[in-house]
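Please keep the viewer open as you read.

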Amino acid sequence: MTQATSEATISRRGDIQRWSRTLIPTAREAPADAELPSHRLLVRAGCIRRLTAGVYDYLPLGLRVLRKISQIVREEMDAAGGSELLLPALCPTELLKETGRAEDYGDLLFRFEDRHGRDSYLGPTHEEVITEMARSAITSYKQLPLNLYQIQTKYRDEFRPRAGLLRGREFLMKDAYSFHLSIDGPGGLEEGYDAMYQAYVRIFTRCGLDFSVVEAEAGPIGGSASHEFMVNCETGEDTIMVCPETGYAANVEKCEIGDRGAPEQGWFAGDPSGDLEEVHTPDCPGIEDVCKLLKVKPRHMLKTVVFHATDDDAPARWVIAVVRGDQDVNEGKIRDAVGGGVALADVEKAKKAGFAIGYVSPRAVKLDGVLMLVDPDAAAGIDADKGKPMFWVTGADKKDHHVKHFNWARDLGVDAASAANVRVASIRNAAAGDPSPRAPGATLEARRGIEVGHIFKLGAKYSDAMGFAIMDETQQRKSVIMGCYGIGVSRAMAACVEMSHDDNGIVWPAAVAPYHVIITLMRPDDASHAQAAAKLAAELSARGLDVLIDDRAERPGVKFNDADLIGVPVRLTIGDKALAQNGVEFKARSDTGKGELVPLDDVVARCAASVFE
RNA sequence: CGGGGUGUGGCGCAGUUUGGUUAGCGCGUUUGACUGGGGGUCAAAAGGUCGGAGGUUCGAAUCCUCUCACCCCGACCA
């Protein structure tokens, strides 16, 4: 923790709340549909409740955590030169026409008509809204660079909301946008992006999260470069690839694969593994179905995926991508290999062009206007491990049929090694065990993560689309260069729990804990005990600590268990035993022991030391 | 969107196959007593049109039809 922040915390008076006067509905059992620890524990601890799919109430305890995280975000954003604002969540869909993102977002967008029939949406992110504001409010290069951010509820109509707060349809997000006159140099995008990168590292560090920064795809937001901030956690939805030698880390979609090298005999070379055999595979367009029916492993399948070029001047109208059945085609890498835009082919159009969708084989390369990309692993004619001819199963280019013993040299119908419209290229997602792109000899490892932050270099994508340009000092009209930077605040809260809990409940990192100290009253009806608690709470508050006094008329066991469940970092127990010795019992949530007796005079300092470290 | 599953007091479940009186159980809640340092004991009580609509039947949580909600798995990879 930096000097500035601990001073800020100390100068603030801590909150004091009594359990009996707030609402913390703890429960012994979680709802049956809650599976992940963060979901179960946040509900059991009385932090959140589900209203409907992917939409949650934040009860007092949960809101306190959201506020703590938000405050850390604010402090670091402000320190990095940002200014907070608040944009509308209710937006006119007209705005999205300028960038075409109404289509890009599709069903993910919550859209509706108002009473006048005007098309509206609830903001899933705010590039267009802020650009619309900025293009009229920012009129001079002298106003740049500028960084504006907001903390706001966002709406995305997810196909499948899941895992409590980790993927909701309504969630709290910090989104920031930076504006620059140039990419490089002082005040440029690179500088602003780097400042945000550093701010994010500080934010997630302060939140007590164990995270990795990885290179990522920009996705529908667009732009040239991006990084994701991933909480390292096995229950995460995202797969990240890591090179243990160099520290290179990337989202699986983005991850490059090191040189896999051509086989000695060359691509496509090798004798057939047997006679080409056509087999009837009714209703088996998928790899999995075929494998089950024919009893072959996916790694022996050749998967042929049909794309069409989206650029008018593309070298070929169709692009077919061939990868091994156990691997995944990567659209971004295909785009790079082709050198132009591609999109998955429309099924009906592709069928008309002669592709037996569901049963396409590499032989479709013979159709008109086709460029074939083959991944190195799929271009092998010889099984290097076994030193035998590669056994390939692929489509038969007609409905409900596949072929066994496909051989590149014998069965393709053209000489793949020399044909102009056949290329070997790395076009699949990286997988564990692939060679590292950064260190020869090293192999990539796969890990799981929860994406809590994502930063993008947008460039002029939105300013060009929406006519946001200003005069520079040489009176040249220039597109404003933008960056955007998101943090899932509510998701970060869930990630904290996912990362930090035990059998008894949540173990909040002190910086985001709803309260720093819980004072458990053994006998709340005893006036002297209640007085001691009030006095202690006031002293702790003066020291900047947030205090929850458990004054409920419950049995001790219930209170201890609840204190553990809601995860307050320090528990002080006031009872006859300790009070008789002029002390209280001190126990850190992260300690497993029984706690220790601390003299009343020392306990405030002890708590502060424990919380502020 | 495809596949699978679940809807019964606040939470977790039984009962549905084979229709049959006032729909049960545990937790929680309320009241009282006894208790009092890791989810106590005893006694009493409140709380459910069995997701909704329609149908079959003397009779429906249970059978039929439609519908709604929610959960899990999968997925622009054919």
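Two strands pair if DSSP finds at least two bridges between them, while helices (H or I, at least four residues) and strands (E, at least two) are DSSP runs numbered from the N terminus. This is a predicted model, in which local features need pLDDT of at least 70 and side-chain atom pairs count only at pLDDT 80 or more, with totals for chains, interfaces and linings using all residues. Residues are numbered from 1 along each chain as its sequence is written, and side-chain values use heavy atoms, with hydrogens and water left out.

Let's begin with the sheet. An open, antiparallel sheet is built from 3 strands in the order E5-E7-E6. Strands E5 (90-92) and E6 (110-113) are at the edges with a single partner strand each, so one side of each has no neighbour in the sheet. E5 is joined to E7 (residues 119-122) by 3 bridges, and Pro92 sits opposite Ser120 in E7.

Next come two helices, H3 (residues 60-79) and H13 (residues 489-499), whose axes (lines fitted to C-alpha atoms over the stretch in contact, with angles from 0 to 180 degrees between N-to-C directions) come within 9 Å and cross at roughly 110 degrees. Their contact (heavy atoms within 4.5 Å) uses these residues:

| Helix | Residues in contact (heavy atoms within 4.5 Å) |
|---|---|
| H3 | Gly62, Val65, Leu66, Ile69, Ser70 |
| H13 | Val489, Ser490, Ala492, Met493 |

Finally, the domain assignment of chain A, automatic or from a database, gives domain 1 (31-255 + 448-497), domain 2 (277-424) and domain 3 (515-612). The C-alpha centres of domain 2 and domain 3 are 67 Å apart.

Conventions: Chains are lettered from A and ligands numbered from 1 in the order in which they are written.
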